[in-house]
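This report describes one protein model, shown below.

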Amino acid sequence: MLGSINMDLVTSVARRPAPGETVLGTAFATVPGGKGANQAIAARRAGARVEFLGAVGDDVFAEQLRSTLVASGVGVDRLRTIPGPSGIAAITVDDGGENSIIVVGGANARLTELDRRDLEVIAAADILLCQLEIPIATVAAAARHARDNATVVVLNPSPVAELPARLWADVEVAVVNSGEAEQLGAVVDSVPHVVTTRGGAGATYRGPDGRHCSYPSPRVRVVDTTGAGDSFTGALVAAWGRGPETALPYACAAGASATTVLGASASIPTAAAIEELLRTPPPKTSRNH
């Protein structure tokens, strides 16, 4: 896993403010997060062995960020400390569970080089999962090394950015939400496997043979959608070796489970929770006679 690690500053509000408007919040919490760290923890909790390649600063958040990964069983030998602030994300969550997020890169933005030991970890892995909250050049270098060593490259291209063609050529699996899919358009057509998340509607899959499949999401009571996509992606990677037909329902259940708890890292489900949700029958629908 190569990616970002942030401290999430989460504010709960009845409704999110309009531009120029001030509203009163109902709660505030600091929650370790970042797309890279969240997906690393999600993959670990979903059953994968995970090594995290990333960076924290030397500020007050750094030790808590590191210890959160350790407590989750994620390897941190390649988590480096860079002078300056750690990454943060300012998150506002309304009563409907929808969120707005502002990310400040901090140490993540200064993760500009991979050393020999980083490359050794990538070469030895079955899968390299990356996002775009660290410098794109670093992601591209990691993907190229992974491809050269038969490591499957999974890319969650979020936040959406223009990427070099060489990077797309090294990606075997792309995981996008419906908004990202619309923004990227035909640029992902060259990727053999494309997974598109659709919130409560589940996810779709397009394979290298052009086959399209849809997978529903279990119905749950939504509390907070923050981190649901990361839980989905981590679980997808953990189950990918069992094939898309198994990995997609597993990931949909993980994403749904994550929406039932406030906060990104706190909501990430375990393998047991995912399996339990998969076994839960869908609620019966009423019919008019």
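## Thr204 and its surroundings

Apart from neighbours within four places in sequence, Thr204 makes contact with Val194, Val195, Thr196, Arg198, Cys213 and Ser214. The residue belongs to strand β11, which covers residues 203-206. The model that shows these contacts is a predicted one.

Is Thr204 buried or exposed? Its relative accessible area is 19%, and the cut-off for a buried residue is under 20%, so Thr204 counts as buried. Thr138 lies 66 residues away from Thr204 along the chain, and 29 Å separates the two C-alpha atoms.

## Confidence and overall form

The mean pLDDT of the protein is 92, with 96% of the residues at 70 or more. Residues 283-289 have pLDDT under 50 throughout, and the model gives this stretch 2 contacts beyond four places in sequence.

The protein contains 10 helices and 12 strands. Its radius of gyration is 18 Å, which agrees with the value near 19 Å that a compact globule of 289 residues would have. Along the principal axes, the C-alpha atoms occupy a box of roughly 70 × 50 × 35 Å.

Of the 289 residues, 49% are buried. The accessible surface amounts to about 13400 Å², and carbon and sulfur atoms hold 54% of that surface. Among contacts with a separation of 6 or more, 62% join residues 24 or more positions apart.

## Nonpolar cores

Which residues touch the most other members of the largest nonpolar core? In this core of 47 residues, they are Ile5, Phe52, Leu69, Phe232, Leu236 and Leu248. Helix α8, residues 244-258, supplies the largest share of the core, with 8 residues.

With neighbours within four places set aside, Leu69 is in contact with Ile5, Ala37, Ile41, Phe52, Val74, Val76 and Leu79. Two of these partners, Ile5 and Phe52, are also listed with Leu69 among the residues that touch the most other core members.

Two of them, Ala37 and Ile41, are contacts of Leu69. After α1 comes Gly47, with a positive phi near 120°.

Helix α7 runs over residues 228-239; its 12 residues reach 17 Å from first C-alpha to last, close to the expected 16 Å. In α7, 10 of the 12 residues are buried. Among them are Asp230, Ser231 and Thr233, together with Phe232 and Leu236; Phe232 and Leu236 also belong to the group that touches the most other members of the largest core.

Helix α8 has 15 residues and reaches 21 Å between its first and last C-alpha atoms, close to the 21 Å expected. Of these 15 residues, 12 are buried. The buried set includes Pro244, Leu248, Tyr250, Cys252 and Ser257, and Leu248 touches the most other members of the largest core along with the five residues Ile5, Phe52, Leu69, Phe232 and Leu236.

Ala150 lies in the loop between α4 (136-148) and β8, and its phi is near 60°, a positive value in a residue other than glycine. Ala150 has a relative accessible area of 69% and is therefore exposed. Ala124 is 26 residues away from Ala150 in sequence, and their C-alpha atoms are 9.1 Å apart.

Where is Pro159 found? It occupies the loop between β8 (152-155) and α5 (165-170). The peptide bond that leads from Ser158 to Pro159 is cis, with omega near -5°.

Conventions:
Residues are numbered from 1 along each chain as its sequence is written. This is a predicted model: local features need pLDDT of at least 70, side-chain atom pairs count only at pLDDT 80 or more; totals for chains, interfaces and linings use all residues. Side-chain values use heavy atoms; hydrogens and water are left out. A nonpolar core is a set of buried Ala, Val, Leu, Ile, Met, Phe, Trp, Tyr and Cys residues joined through side-chain atoms within 4.5 Å. Buried means under 20% relative accessible area, exposed over 50%, partly exposed in between (1.4 Å probe, protein chains only). Helices (H or I, at least four residues) and strands (E, at least two) are DSSP runs, numbered from the N terminus. Contact means heavy atoms within 4.5 Å. pLDDT is the predictor's confidence in each residue, from 0 to 100. The radius of gyration is taken over C-alpha atoms; the globule rule is 2.2 Å times the number of residues to the power 0.38. Accessible areas come from the Shrake-Rupley method with a 1.4 Å probe; for residues, only the protein chains shown count as cover. The expected span of a helix is 1.5 Å times one less than its number of residues.
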